[in-house]
Amino acid sequence: EAQVIEVLGNQKSKWRPYPLSTVALQKLATSKLRMTSHRAMEVAEKLYNKGFISYPRTETDKFTSNINVRGLIDYQSNHPTWGAYAQNLIHNNGF
């Protein structure tokens, strides 16, 4: 039997990673998951088609400073899965 006397914790923040480029995705899938790069792209395509990831063959991870983020979020506000989240971002200026 044991008794917890004290719990110490620190709050940590972690930045979200940048999207993987196609080449980085293929390299990681090959080295970590032992799958061919072709198979990695097939899996990524299936995940995209089910709405789990953004388009897997896009190399863009930087955007112009004048991008209309509010418009992009608003466009998602009617989606049955994440629409409520998008609406919350719009109404609470959470982006």
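What average pLDDT does the protein have, and what share of the residues score at least 70? The protein averages a pLDDT of 85, and 89% of the residues score at least 70; pLDDT is the predictor's confidence in each residue, from 0 to 100. The model is predicted, so local features need pLDDT of at least 70 and side-chain atom pairs count only at pLDDT 80 or more, while totals for chains, interfaces and linings use all residues. Residues are numbered from 1 along each chain as its sequence is written, and side-chain values use heavy atoms, with hydrogens and water left out.

The protein has four helices and zero strands, in the pattern α-α-α-α along the sequence. Helices (H or I, at least four residues) and strands (E, at least two) are DSSP runs, numbered from the N terminus.

Helix α1 packs against helix α2 (residues 37-49) at an angle of about 115 degrees, with the axes 9 Å apart. Axes are lines fitted to C-alpha atoms, for helices over the stretch in contact, and angles run from 0 to 180 degrees between N-to-C directions. The contact (heavy atoms within 4.5 Å) involves Thr22, Leu25, Gln26, Ala29 and Thr30 of α1, together with Ser37, Ala40, Met41 and Ala44 of α2.

Of the 95 residues in the protein, 13% are buried, meaning under 20% relative accessible area with a 1.4 Å probe, protein chains only.

Note on methods. Buried < 20%, exposed > 50% of the residue type's maximum accessible area, 1.4 Å probe, protein only.
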